[in-house]
Amino acid sequence: MLEQIRIVLVNTSHTGNIGSAARAMKTMGLTELWLVDPVGAIDEQAIALSAGAHDVLERARIVDTLEEAVADCGLVIGTSARSRTLAWPMLDARQAGEQALQEAPQHKVALVFGRERTGLSNDELHLCQFHVAIPANPDYSSLNLAMAVQTLSYEVRMAWLAATTSATEPEREYPLAADLERFYQHLEETLLESGFIIKAHPGQIMTKLRRFFNRARPEEQELNIWRGILTSIQRKQRFPEENS
């Protein structure tokens, strides 16, 4: 799915930023870079700042317009530092990563970054289905191009990791409510026999223990381990001569 995510840089003025953006992409597993009307061609500075991501630069596509760069994309998300009051669907960085990953199986997805100084023009933003704003410190929101690429690439990767993990994790088997009730009865019985709970003054111990186990939500095998522990304790309490 990561191969479906395209990073598009529009009218980048410094070749070093292109190299740094390629590095940011590759660290997060993204490899498809498109350059729209860059001011300078990929040069030694770009290669140097790519820090080993020169393969991303070698495969980079250079086109004249943003329309060309996103023509085959089913989802285009443009970066914008503008206020959320702009009448356009807005996402934060995390939502952008999740949206991109969600649609990647169906079609190409473009994450578009504008000029270093002025960002994307209104016409360019109008080519995007969503705008994304990185919620930086309002008192100092100076993100350079590579930082912005790194942030969104990271969010894409986190969404991908979450999807991959959920797809490969075995389904958890949880005990039935009746099994939990038997466990709580077993637990209370054991604590009464040990003297930890005084029958005449039980207090809120079992209520708090119920809350603890409900919050932890033990799986079926884990609950069986607890039942085994309780049975072992009871055996030692009831038949101490076996342990002498």
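Predicted model: local features only at pLDDT ≥ 70, side-chain atom pairs only at ≥ 80, totals over all residues.
Let's begin with helix α8, residues 177-194, and helix α10, residues 220-238. They pack at an angle of about 30°, and their axes are 10 Å apart. So α8 and α10 come out as roughly parallel to each other. Their crossing is left-handed.

Who's touching whom? On the α8 side you'll find, among others, F183, H186 and L187, and on the α10 side the contact includes W226, L230 and I233. Sorted by class, the residues of this contact are 7 nonpolar, 6 polar and 6 charged.

Now, α8 has another partner, helix α9, which covers residues 205-216. What angle do α8 and α9 make? About 135°, with the axes 11 Å apart. That makes this pair oblique. And the crossing here is right-handed. From α8, the contact uses E181, F183, Y184, L187, E188 and L191; from α9, you get M206, L209, R210, F213 and N214. The class count for this contact is 7 nonpolar, 1 polar and 3 charged.

Last stop, the largest pocket. It holds about 650 Å³ of space. There are 25 residues lining this pocket, and the closest to its centre are T79, S80, A81, S141 and L143. How does the lining divide by class? You get 13 nonpolar, 8 polar and 4 charged residues.

That's my tour, thanks!

Methods. Residues numbered from 1 in each chain as written. Heavy atoms only, no water. Axes fitted to C-alpha atoms, helices over the stretch in contact; angles between N-to-C directions. Helix = DSSP H or I, 4+ residues; strand = E, 2+ residues; numbered from the N terminus. Parallel < 35°, antiparallel > 145°, perpendicular 65-115°, else oblique. Left-handed = near helix turned anticlockwise from the far one by under 90°. Contact = heavy atoms within 4.5 Å. Nonpolar A, V, L, I, M, F, W, Y, C, P; charged D, E, K, R; others polar. 1 Å grid on protein atoms, 1.4 Å probe; cavity = no way out; pocket = protein on both sides within 12 Å on 5 of 7 lines; lining within 4 Å. Points joined across faces, edges and corners; volume = space filled by probe spheres on them.
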